Amino acid sequence: MSSIGWNTIESDCGVFTTLVEELGVSGIEFFDVLSIDPDSLAQFNPLYGIIFLYKYRKSEYAVSREYSETEKNASGQFFFAHQKIQNACATQAILSVLCNLPEDIEIGPILSNFKEFSRDIDPETRGEILGMSDEIRQAHNSFSRPNPFESGDDDRETPDEENDGLYHFVAYVPINGQLWELDGLKQYPVNYGGCTNEEFPEKVSSVLMERVQKAPGGDLRFSVLAVSRDRREVLKENGGSTTELVVEDLKRKEWTRDNALRRETFVGLINELVKGVVGGMGDEQYKKALEQGREKTKEMYAKRA
Amino acid sequence: MATTTDILFFKAGQADFDEETSIVTPRRGQGRIVVTQPSDSEELISFVWEPRGTAGGEKVEVYPFAGDATFQHVPACKTGRVFKLQFESSGEKLFYWAQNPTDSENVWELSKEDKRVLNTMQAILEEQADDAEENAEDVDMQDAEPKSAPAVNPTVPDLASMMRNIQVPQSQSQSHQAVPVMNIGSVVSQNMMAEHIRSLDDQEVDRLCLLLPDVIPKTRESLIGVVQSPQFAQGMNTFDSALREGAASIIARELGQEYLGEGVEGYLESARKAAKKEEDK
């Protein structure tokens, strides 16, 4: 029953920040990273981790990799879980960062318990336990739109139906003086050598640059999120200006609005507006509008062909 | 007590085939096919179509067996993914249109899931499952196919559910084949909706604002903002895909409107009629 009901969620800092807050974490914020050079990354101080979203390709994972002894033993030292549920990958990457934060950063009871509970088990079982966590699943799902017309009695789902996994999330985190890549689709964490927290922006920058340059066919479909401290707290501590605080408040308000809209199906509103628009058309006008709609279908196919 | 083994389960609707016109017409509503094998019989399999959710329709059970029945993709249908179950002995042919979502850009193409269904069924019926696309000939439709027609007409649309008049390519009609509307937004764009909101009186705006989530301010400008938001666009896409996957009759019922056909066009007809009715009151 572990895989029921994990919806896909958007890769968005408003979604991720609110998601971890609903999991009881406070003082953590996600930021869009527009440039992956060392200086830009260093602006997110402290930079706890990086979440890298990219176009998933099966072929990249078909190549088997030699793992070092350090890598093979790593999952006993910190939190690393295999990805058992396709749609949970965003949440999985988030947990890979949060569950490996330095001990003095509070991550709330839900995640602390989860981390504690999964400490002595193998990565595969950890992935399964994550899949079974109702609390985490519910928080995750609260950022997705329900399918308004899925017939409720459809208990016999076809396996793998939605699991085409077009995008994938990977976390980069400095843990115990080493830079690690935590990818739930790989057997072990990947080690990128020694790395202090201070060196992390610079070292992760070069890992990301190399990764992006190696993307097949120069495919640049990726996005990067930084995990850092809640900007409002940083501003309060450093005596930020009123304007800066107001901007942060506005950003939060916008997140609340966007998240509320993400949960909506809008079926009722769409229908009322469609009725208003097509109901107001004369027969000829309506016919013409339909013709234009059909033309758009043709254009769409012509573009794809 | 006899037990059964599930072999296959997939979402599909029924469809009718007209011998004279070579046109496959989907029946409304969502359905599923369940193929099972009673454990006390090695040869007999049960192939059941049944309605899914609240869709109507009678359950149909048939017993195909190897050497008599064949299960094939009908590649001539370019407006959706259609399967044919044919019985040699009785000459009976049953048609089904796949209702599982597809990611393929060309929606007549079988998805991975469809291929799995096809291969499994063909394996059960001891068919060669090598190359389903090639092998699944279209005996019934060949006559209608123009000799020099391009193998695939890329301008022919998707729309499993708009298959009210799935045209098996006819010699002359190919070039100006009917193309259905695929997205509500290509007839009623978000901008048109915003314009419409601007033209309403305050009372009508208030009525629409009741449909907004709690945290959203209930004003005309805020309503327009929502309608122009990317989240609203995603909501429209979800609506479109539900229509494409055969939910038009459920949607009509839930909205208290008359069902007037599948797909986006069927829905638009239904919404327009509902609006006209309100006007008359």
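I started with Phe222(A), which counts as partly exposed at 29% relative accessibility. I kept in mind that this is a predicted model. Phe52(A), in contrast, is buried, with a relative accessible area of 3%. I then looked at how the two rings meet: their centres are 5.7 Å apart and their planes stand at 35°, so I noted the pair as tilted. This pair links distant parts of the chain, as Phe52(A) belongs to strand 2 (residues 49-55) and Phe222(A) to strand 6 (residues 222-229), 170 residues apart.

**Other rings.** My search of the whole structure gave 16 aromatic pairs over all chains. In chain B I found one aromatic cluster made of Phe10(B), Phe47(B), Phe71(B), Phe83(B) and Tyr96(B). I also looked for charges over rings. Arg65(A) has its charged end over the ring of Tyr67(A), 5.0 Å from the centre, and Arg263(A) lies over the face of Phe143(A), 5.2 Å from the ring centre.

Next I checked UniProt, where an unreviewed entry puts the feature "active site" at Cys89(A) and His168(A). They are spread over 80 residues of sequence, yet they cluster in space, with a largest C-alpha distance of 6.7 Å. I found Cys89(A) in helix 5 (residues 89-98), and His168(A) in strand 3 (residues 167-175). Cys89(A) is buried at 7% relative accessible area, and His168(A) is buried at 1%.

**Contacts.** Leaving out residues up to four places away in sequence, I listed Gln83(A), Tyr167(A), His168(A) and Phe169(A) as touching Cys89(A).

How values were computed: Residues numbered from 1 in each chain as written. Chains lettered and ligands numbered in written order. Predicted model: local features only at pLDDT ≥ 70, side-chain atom pairs only at ≥ 80, totals over all residues. Heavy atoms only, no water. Phe/Tyr/Trp six-rings, centres within 6.5 Å; stacked < 30°, edge-to-face > 60°. Helix = DSSP H or I, 4+ residues; strand = E, 2+ residues; numbered from the N terminus. Buried < 20%, exposed > 50% of the residue type's maximum accessible area, 1.4 Å probe, protein only. Lys NZ or Arg CZ within 6 Å of the ring centre and 35° of its normal. UniProt positions renumbered as here; feature names shortened; annotations may be inferred. Contact = heavy atoms within 4.5 Å.
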